[in-house]
2 protein chains.
Amino acid sequence: MAERKVNATSTQVAKLAGVSQSAVSRAFTPGASIAESTKRKVLQAARKLGYQPNAIARSLSTKRSKIIGIVIANVTTNPFYPEVLDALSHRFQQRGQRVMLFVVTRDQNLDDILPQLLEYRVDGILLTAATLSSAMAHECSRLGVPVTLFNRSVPDTNASSFCCDNIEGGRMAARLLMESGHHQVAFVAGSRDTSTSLERERGFREELKKHGLEPYIEMGKFSYQGAFDAARKLMRLPKSPDAVFCANDIMAIGVLDALRHAEQKKVPEEVSVIGFDDIPMAAWPSYNLTTIRQPIERMIDSAVNDLLDRINQNTIVSKQELVRGDLVVRFSTKLPSGLSSGYVISTSETRNV
Amino acid sequence: MAERKVNATSTQVAKLAGVSQSAVSRAFTPGASIAESTKRKVLQAARKLGYQPNAIARSLSTKRSKIIGIVIANVTTNPFYPEVLDALSHRFQQRGQRVMLFVVTRDQNLDDILPQLLEYRVDGILLTAATLSSAMAHECSRLGVPVTLFNRSVPDTNASSFCCDNIEGGRMAARLLMESGHHQVAFVAGSRDTSTSLERERGFREELKKHGLEPYIEMGKFSYQGAFDAARKLMRLPKSPDAVFCANDIMAIGVLDALRHAEQKKVPEEVSVIGFDDIPMAAWPSYNLTTIRQPIERMIDSAVNDLLDRINQNTIVSKQELVRGDLVVRFSTKLPSGLSSGYVISTSETRNV
DNA sequence: AAAAATGATGAATGCGTATGCAAACATGCA
DNA sequence: TGCATGTTTGCATACGCATTCATCATTTTT
């Protein structure tokens, strides 16, 4: 059982292999100038000692931590975000970056979190479902740390951002509802201070207005329960809505459950419901939710590529990308006469702003 | 607009403040021996330069990274795990630890992931929904890195582990089903190689056996869809089951949907369904799932405390904790004659093994 | 065969911080 | 005033690696 060795260092490996510490370093640096023979010697000695390069020391030396800071919210309340996190994590992983994670709650101030990331000299920062203060944005750019926003639109910063075209999504929802003959519609918002919710609302309103309609607005707090309660309020209205568009799927599902189980309403016969995101649950037979799908994989790919490019090429130019969502028509909405049942998915596209 | 300063160092701050670099270091080290007056000078200079200590350098020097490695699986397929992640992340956060995250898929080998964590000299490792090879366990203990398993039972390692009492949970499910007069039951397993699923199955079988019953077993692959398919298979059986116990809630929900929407079965009138975890969805009116609740917060608290204690006190003793779950009776199961409708929650307790 | 180019190697240094140690200083007490 | 005690301070060094530079060994060129 012999050894009680702990974290061998490159110097120890060097001694055992009969070479210099530099040689050990080179053996573990792809593309470094080192003879095949000495490399073998080094690796053998390394194995014997259970040596593994110390990434902390390397980071200090290279001034690259190979760590990406990810800040994410709503992980437990919206199944959309675990998917985002999963995809992000895998992408960075396979691109050789580690992930330092911060899960934040709505009331947590990002300005307290970011310094903790910067402390570790992360190579880049990815924020999702979180808004960046301009002070912090400035701080990041001062430090040369690229920032990418996912699913939040930019203030005036030079952070990149990758979003679904929320305004157009709102319009699509409005069009579908109007084409299928609804006259009194409602919007269940997430909150008053989130770009996603505001933009979806805006597109929805705009399109409705063209036809002289105006939606009720109710707060759903971005949660199942909040939307459940919102739906009940809507149904108490003198002229209750015959269609409800929700700022995301989880709220749409809350509305659906409220309508069916608390209000004894038939969906879609009496009330249509439409969501946003297309989370897996939306396709479950209990819900069969009509929704606007966010092309998550594509968006994540772009976001990750952009961030890594800016890190590696030291590019300063940031990018604002808007990705068109797909309308997925299921059975929570009445069908417009022109459409047959089942799926109808509009083609999607990516647009640079 | 002046400065284009980038990442000031303690030496620069020292110069500006007219003190030594040591003084700067001490100003940022709680409890260090430094006069109040010089501390003020330092902090002022630091603010002026936008200085923030470099955690990487500190880690190298102190041999403490203040980073916890978290490995987690099933983040997108089981809502239970985002909750776990959220709780873990917050606890570590408020205890001054950062989190390095690895999201793994079932087919990914942990033995490829752990080295990536060890490379960064994480202070501790928390694995959830992931199994540790004994080689890697040995490697960690060799390096003095404490490991904690959450929701997986230990092989023979000296890793700590925090689990729900799955066997007892299985028994509780069996008892409830038998008391409410079921005669042909089934178990929808997750997989054949996961302790949680196996233990829940074992407890379930044991208790049934006492009364001469034996369950059908079907694989649900730990997913909604897998369980959906499993339920359909079960219903094709010559003597189809009148009750189904699932290794977790997400599968129970898949079974429920299959029964109601694909098999036109009434739940609980024709078939009872019972799950495990008590994820938020279980309480939704569409499902109203009877289940065994895992006291997540309590378990996480214990796990985090244990891991941090072992890190700080350099304790070697690991801990195996088994937490009793609570039976939450909702409306997906027929009620035994003794019980009235609504909730029945058994008291829970923690047991050390 | 000599000169030039190429490749491999090790010594030395730097990355930014923490900390042991000894010196300097302040304080209390007799 | 003198000495003992306690507090601050700076110097020097270590942490583990990457990398520059000069040196030396090898190969290629003419």
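A residue counts as buried here when its relative accessible area is under 20%, as exposed when that value is over 50%, and as partly exposed in between, using a 1.4 Å probe and protein chains only. Helices (H or I, at least four residues) and strands (E, at least two) are DSSP runs, numbered from the N terminus. The model is predicted, so to speak of local features requires pLDDT of at least 70, side-chain atom pairs count only at pLDDT 80 or more, and totals for chains, interfaces and linings use all residues. Residues are numbered from 1 along each chain as its sequence is written, chains are lettered from A and ligands numbered from 1 in the order in which they are written, and side-chain values use heavy atoms, with hydrogens and water left out.

Let's start with one helix of chain B. Helix α7 of chain B spans residues 134–143, and its buried residues are M136(B), A137(B), C140(B), R142(B) and L143(B). What covers the buried residues of α7(B)? Contact means heavy atoms within 4.5 Å, and the cover includes α6 (110–119), β3 (124–128) and β4 (147–150) of chain B, together with α3 (36–49) of chain A. Just after α7(B) comes G144(B), which takes a positive phi of about 70°.

In it, 54 residues of chain B are in contact with 54 residues of chain A. The size of an interface is often given as the accessible area lost when the parts come together. Buried area is defined in that way, with a 1.4 Å probe and summed over both parts. For chain B and chain A it comes to about 5300 Å², with 58% of it on carbon and sulfur atoms. I56(B), Y120(B) and R121(B) supply 13% of the area that chain B buries against chain A, more than any other three residues.

A salt bridge is a side-chain nitrogen of Lys or Arg within 4 Å of a carboxyl oxygen of Asp or Glu, and the count between chain B and chain A is 2. R58(B) forms a salt bridge with E119(A), and their closest N and O atoms are 4.0 Å apart. A polar contact is a pair of N or O atoms within 3.5 Å; within protein, one must be able to donate a hydrogen and the other to accept it, and residues adjacent in sequence count only if both atoms are side-chain atoms. By that rule, 24 residue pairs are in polar contact across the interface of chain B and chain A, both residues being at pLDDT 80 or more. On the side of chain B that touches chain A, α4 (55–62), α5 (80–94), β2 (98–104), α6, α7, α10 (224–236) and α11 (249–262) each supply at least two residues.

How do the two chains relate to each other? Copies are superposed by least squares on the C-alpha atoms of residues with pLDDT of at least 70 in both. Chain B can be laid on chain A with an RMSD of 0.1 Å by a turn of 180° and a shift of 0.0 Å along the axis. That is the relation of a two-fold axis. M100(B) comes closest to this rotation axis of the residues of chain B, with its C-alpha at 2.2 Å. The same surface serves both copies, and 100% of the contact residues of chain B recur in chain A.

The peptide bond from V267(B) to P268(B) is cis, with omega near 5°, and P268(B) lies in the loop between α11 and β9 (272–277) of chain B. In chain A, the peptide bond from V267(A) to P268(A) is cis, with omega near 5°.

R121(B) sits in the loop between α6 and β3 of chain B and is buried, at 18% relative accessible area. D278(B), also not a glycine, has a positive phi of about 65°. This residue lies in the loop between β9 and β10 (290–293) of chain B, and D278(B) is buried at 15%.

Key. Buried area = accessible area lost by both parts, 1.4 Å probe.
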